[in-house]
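I opened this model to look up a few things for my own notes. The entries follow in the order I made them.

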Amino acid sequence: MKKSLFIIAMAVLVLSSCEKKTEETDNGLFTPAIEDFDYVVDRFADIEILRYRVPGIENLSLQQQEMLYYLSEAALCGRDIIYDQNCRYNLAIRTLLESVYTMEDIDTTSADYKAMEVYLKRVWASNGIHHHYSGMKFEPGFSQAWFETQINQLPFEKLPIYSEGISRDELFAEILPVIFDSTVMAVRKNQTEGADLLLTSACNYYGEGISQAEAEAFYSAMRTEGDETPVSYGLNSRLVRRDGILVEDVYKTDGLYGSAMSKIVYWLEKAEKVCENDAQRNALQKMISFYRTGDLKEFDEYAILWLKDTESLIDYVCGYTETYGDPLGYKANWEAVINFKDVEATKRTEKISGNAQWFEDHSPVDSMYKKEKCKGVTAKVITAAMMGGDNYPMSALGINLPNADWIRATYGSKSVSIDNIAEAYAQSVKSSGFNHEFVVDAKTEELLSKYKEITDNLHTDLHECLGHGSGKLAPGVSPDALGKYHAVIEEARADLFGLYYVADPKLVELGLLPDTNAYMAQYYSYLMNGLMTQTTRIKLGDNIEQTHMRNRQLIGKWVLEHSAADNAVELIVRDGKHYLVVNDYTVLRQRFGELLREIQRIKSTGDYNAARDLVENYSIRIDQDIHREILARYATLDMAPYKGFINPVLTGHFDNDGKFTGLSISYDENFVNQHLRYSRDYSFLKK
Ligand code: ZN
């Protein structure tokens, strides 16, 4: 799953300054050709920053351009929220770093300055001081003494605002350990078994000193037995202690994050005036109302209206959506993806969802756990035009919303694949030598270069459009029965559904794959990733923490272990290097089917012990010798394991009466300038 949203409004007077009246100096709307486009724009630490094209933007009507522009501005106005959600010191630290980074007479050639630049870029790339993927705090490569010398020279107005009322010394005494003491706020979201997950996590969804047990008790007391349409309790608030009592500070225009949310609402209200149709307008109006009231009932009403908006070209996620950032899974991070439908490519997902019942009926799952009637699987391919909050600079490739189970069961869900982001990923890896290093032979390499991209897209579609929506629970089984193992099992289930069907002749029949061998590229690359190459993102000695990485290794290791007798899949060693060999693709497909059947049974019956055994035995630990070898081989390639993105610059043009006259797009901005500009123009929270 992946996302949803919202907004707010207040002071109308200040807002006219947001309105940009730019001269007609830009390029208008155009899309550069793939061959002429430089995808890679920056590289530091373990990250490569890419830019993405926005093909088709030139085909939008003037009214659609106008709506896209307003929504894009809304997407940028929430930037500070995610920084603050990730850690309460993030905004202050970002401000300090940027102030030093842009000091006039600073020696930009010193080793300390250069190391601070890398640190600042990492902060921008992760929306804070913790690694976006591992959650571990960054180590500063610059000295505290050097940094103190610099910040002592900063004028007052360049310091974080929240220093009002406290002295410079007090401010620094509070902030510096957060940067330099590795034991302070060491991890953003702790998942260690047995620890108090709130007291040991640096994220900012709960006030200081609130324990996991207190928070869990608070939210379980909110639930009403037998409520079939529960709201998403706790989704849009910080739980704090006030006068000894636990209360929620709700995210709304006149509440927590209100100053940023009011700006977002300002732009959403403009967008609402230029909607394409009533369904789109109804949903947007409800979202605006939710930004104002913070009433979670309205959030559900919005989600249902948003699901009904299927005809519009322009669409958006712009609000509090996914709950991955909260160790307890209640609180949603703010994020935005402003997009429009790729009409041509959507024919692909329409074919898949149009046949949802066929796929359900023919799956290897026990018929007791199949849906008699699959409903509401709408699926489309989109082109992202602007990303914000938790979906920027690191972006998802697919989104499947809303998250509330009862809404999904009654009204279905929207599932999207973001093809222009997938394109940027694929193009950046193409010439890297990666496959040459890790793929077992030239024949398989050729298979991958021919079919990997198309089958990757298809696998994502199958995962999002069908996988998550397939199957049903046995009567009386709670959707929460698998507890903390739910997420990995659920992602494995969706992946396996996709793996099983990507090999089905039905896809060739539907015109989605060119031939019946193409799927082999997906099988090989999926297992190679899950068994070996995804660990290039992990430090030697560490376990796998991230949900999707866990489910991929779970599938890979299970299949490998269960192929010991017939050798359908094996790992061989050649010249001291491990390689994956697939000897029998037909048997491999059956094996994916077997595991899918078992995992569906586990979910349907709520078999906690079986879920625990699979996750604990297969998904977490990495073979140390192989890991060491993979990291060494990877290091010879000079590649970055993570990819982030910069947005294009979208500029709205207006005539003297304030009437919108057109949109222009530019791809020229670099990573540093984009972030400095965002910090200058879209900073709405106290820091
Ligand atoms: Zn998923």
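**Charges.** I began with the charges of the chain: the mean positions of its 73 positive and 102 negative charges are 2 Å apart. Lys and Arg count as positive and Asp and Glu as negative, while His and the chain ends are not counted. Each charge is placed at NZ of Lys, CZ of Arg, CG of Asp or CD of Glu.

**Ground rules.** I noted that this is a predicted model, in which local features need pLDDT of at least 70 and side-chain atom pairs count only at pLDDT 80 or more, whereas totals for chains, interfaces and linings use all residues. Residues are numbered from 1 along each chain as its sequence is written, and side-chain values use heavy atoms, with hydrogens and water left out.

**Whole chain.** I looked up the overall dimensions next. Along the principal axes, the C-alpha atoms fill a box of roughly 70 × 60 × 55 Å.

I found 24 helices and 14 strands in the chain. Helices (H or I, at least four residues) and strands (E, at least two) are DSSP runs, numbered from the N terminus.

Of the 687 residues, 58% count as buried. Buried means under 20% relative accessible area, exposed over 50%, and partly exposed in between, with a 1.4 Å probe and protein chains only. The accessible surface comes to about 27300 Å², and carbon and sulfur atoms hold 49% of it. These areas come from the Shrake-Rupley method with a 1.4 Å probe; for residues, only the protein chains shown count as cover.

I also checked contacts, meaning heavy atoms within 4.5 Å. Among contacts in the chain with a separation of 6 or more, 75% are between residues 24 or more positions apart.

**Zinc site.** Which protein donors does the zinc ion have? I find H463 (NE2), H468 (NE2) and E491 (OE), lying 2.1 Å from the zinc ion. Donors are N, O and S atoms within 2.8 Å of the metal (3.2 Å for Na, K and Ca); water is not among the atoms, so sites may look incomplete. The spacing of the donor residues in sequence is H-x4-H-x22-E. Both H463 and H468 are buried.

I then looked at A481, in the loop between α16 (442-467) and α17 (486-502). A481 counts as partly exposed because its relative accessible area is 28%. Apart from neighbours within four places in sequence, A481 is in contact with G606 and Y608. A481 and V343 are 138 residues apart in sequence, and their C-alpha atoms are 39 Å apart.

**K506.** Is K506 buried or exposed? K506 has a relative accessible area of 12%, so this lysine is buried. K506 belongs to helix α18 (residues 505-509). Its contacts, leaving aside neighbours within four places in sequence, are N355, W358 and F359.

**Helix α2.** I read through helix α2 (residues 79-86), which is mostly covered, with eight of its eight residues buried.

**M368.** M368 sits in the loop between α12 (356-362) and β7 (377-389). This methionine counts as exposed because its relative accessibility is 53%. From M368 to L473 I count 105 residues in sequence, with 9.1 Å from C-alpha to C-alpha.

**Backbone.** I noted two cis peptide bonds. One joins Y392 and P393, with omega about 0°, and P393 is in the loop between β7 and β8 (398-401). Another runs from L401 to P402, with omega near -5°; P402 is in the loop between β8 and α13 (405-411).

Where does D243 lie? I place D243 in the loop between β3 (237-242) and β4 (245-250). D243 is not a glycine, yet its phi is positive, about 50°. At 75% relative accessibility D243 counts as exposed.

D575 is in the loop between β10 (569-574) and β11 (577-582). D575 also has a positive phi of about 50° without being a glycine, and with a relative accessible area of 74% this aspartate is exposed.
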